[in-house]
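Keep the 3D view open as you read.

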Number of protein chains: 2
Amino acid sequence: MSTVNSSLQLLMNLSRAQAIIARRLDSLSAHGLGFNDLVLLYLVGQAPGGKIKRIDLADKTGLTASGITRLLLPLEKTGLVARKANARDARVSLVTLTAAGRRVLKEALHTANAVALDLLPKEQLKTNASLPGILKLLGANITV
Amino acid sequence: MSTVNSSLQLLMNLSRAQAIIARRLDSLSAHGLGFNDLVLLYLVGQAPGGKIKRIDLADKTGLTASGITRLLLPLEKTGLVARKANARDARVSLVTLTAAGRRVLKEALHTANAVALDLLPKEQLKTNASLPGILKLLGANITV
DNA sequence: GCAAAATACTTGACAACTCAAACATATGTC
DNA sequence: GACATATGTTTGAGTTGTCAAGTATTTTGC
């Protein structure tokens, strides 16, 4: 009989939740952005000075540096982000938001916030934040 | 100033955690299995009668039916799972484990359990079991 | 009992990543 | 100040999914 410890079980549940959430946010976010695109724009917007290294984006998102390069490519092409050199270190190329990028980010965040609240109501998050509660909650809200 | 509510923030953290976890389990699981392959084998093994519909696998994993078809394809080819018809309904083709599948599953679960405990120690899971707490914990254990 | 709708699965075309290796620059050591 | 090593980014090739549309079968409602 193949069994699984509670940690692995939890990782499986997280995996399921994330798959469903990402899919839902991908399709709803509109504005031509996927969930990760939105996260990237958001992180750039939040970064001190409005600029951030690609490797820091990789760290904050959990993706690889390679993935970041590939995700940013279309965002550069459509003019939502731009490159800026770093005076101190010629290896890095900083990512910044363009005016268009800020505008799209704002709109997309509005939508995404609503979807997130739908998936995971804020008040439940606060009061019932025990593990069984949360899993049930994710499971319940998410069930197809 | 673009802001994000706590629910969306949590989903972003969850996304990060999942990306890192899946990557880690993918590379360590060995036996030629990715994380999702392992989950599929496990779910088949746990299913009553040792057989399960593809659509139920999709539901339990959070993936699409299409994704399940594509993930199972190599597992069928290497002989870890097999097909069984359903007498009552000719549309469904049930998934079962082969003897080889059971053996590989058992070995892979052993590895995956260890990795999961490394990422998310069981005793911490009990005491500090709020989802934000868990994600913080994952973030801490995970930080590169 | 038959057309319309729903369900289970697969397929073609493509997107969103990964890994490994390359390249460019920076930093430490002696 | 040269050489080994570390860091930041990109690229080639492949994998792992998605979506939309198709096929096959079952269920529903009249």
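**From one chain to the whole assembly**

Reading from the N terminus, the elements of chain A follow the order α-α-β-α-α-β-β-α-α-α. In total, that makes seven helices and three strands for the secondary structure of chain A. Bear in mind as we go that this is a predicted model.

Let's begin with the strands. In general, the strands of a sheet pair through backbone hydrogen bonds, and they can do so in a parallel or an antiparallel way. Here the three strands of chain A make an open sheet with the order β1-β3-β2, and the pairing is antiparallel. The edges are taken by β1 (51–52) and β2 (81–85) of chain A, each of which pairs on one side only. If you want to look at one of these pairings, go to β1(A) and β3 (residues 93–97) of chain A: they run antiparallel and are joined by two bridges. Lys51(A), for instance, has Thr96(A) in β3(A) as its bridge partner.

How much of chain A is buried? Of its 144 residues, 35% count as buried. As for how the chain folds back on itself, take the contacts in chain A between residues at least 6 apart in sequence: 51% of them join residues at least 24 apart.

Now bring in the second protein chain. Chain B can be laid on chain A by a turn of 180 degrees with a shift of 0.0 Å along the axis, giving an RMSD of 0.1 Å. So what you're looking at is the relation of a two-fold axis.

Where do the two chains touch? On the chain B side, 41 residues are in contact with 40 residues of chain A. The elements of chain B that each put two or more residues into this side are α1, α2 (35–46), α3, α5 (99–119), α6 (122–127) and α7 (131–142). The top contributor is α1(B), with 15 residues. Sorted by class, this side of chain B has 26 nonpolar, 11 polar and four charged residues. Also, 98% of the interface residues of chain B are interface residues in chain A too, so the copies meet through the same surface.

Next, the inside. The largest nonpolar core holds 71 residues, and those with the most contacts inside it are Leu11, Leu38 and Leu41 of chain A along with Leu11, Leu38 and Leu41 of chain B. Helix α1 (residues 6–28) of chain A supplies the largest share of this core, 10 residues. Pick out Leu38(B) and set aside its neighbours within four places in sequence: its contacts are then Ser29(B), Leu33(B), Ala108(B) and Ala112(B).

Two or more residues each come from α4 (65–77) of chain A and from α1 (6–28), α3 (54–61) and α4 (65–77) of chain B. With four residues, α4(A) gives the most to this surface. By class, the surface near DNA strand C has seven nonpolar, nine polar and seven charged residues.

What surrounds DNA strand D? There are 24 residues, and the closest are Arg54(A), Ile55(A), Ser66(A), Gly67(B) and Ala90(B). The surface near DNA strand D has seven nonpolar, nine polar and eight charged residues.

Definitions and conventions: Residues are numbered from 1 along each chain as its sequence is written. Chains are lettered from A and ligands numbered from 1 in the order in which they are written. This is a predicted model: local features need pLDDT of at least 70, side-chain atom pairs count only at pLDDT 80 or more; totals for chains, interfaces and linings use all residues. Ala, Val, Leu, Ile, Met, Phe, Trp, Tyr, Cys and Pro count as nonpolar, Asp, Glu, Lys and Arg as charged, and the others, Gly among them, as polar. Two residues are in contact if their C-beta atoms, placed from the backbone, lie within 7 Å. Copies are superposed by least squares on the C-alpha atoms of residues with pLDDT of at least 70 in both. A nonpolar core is a set of buried Ala, Val, Leu, Ile, Met, Phe, Trp, Tyr and Cys residues joined through C-beta atoms within 7 Å. A residue is buried if 20 or more other C-beta atoms lie within 10 Å of its own, exposed if 12 or fewer, and partly exposed in between; C-beta atoms are placed from the backbone. A residue is near a molecule or strand if its C-beta atom, placed from the backbone, lies within 6 Å of it. Two strands pair if DSSP finds at least two bridges between them.
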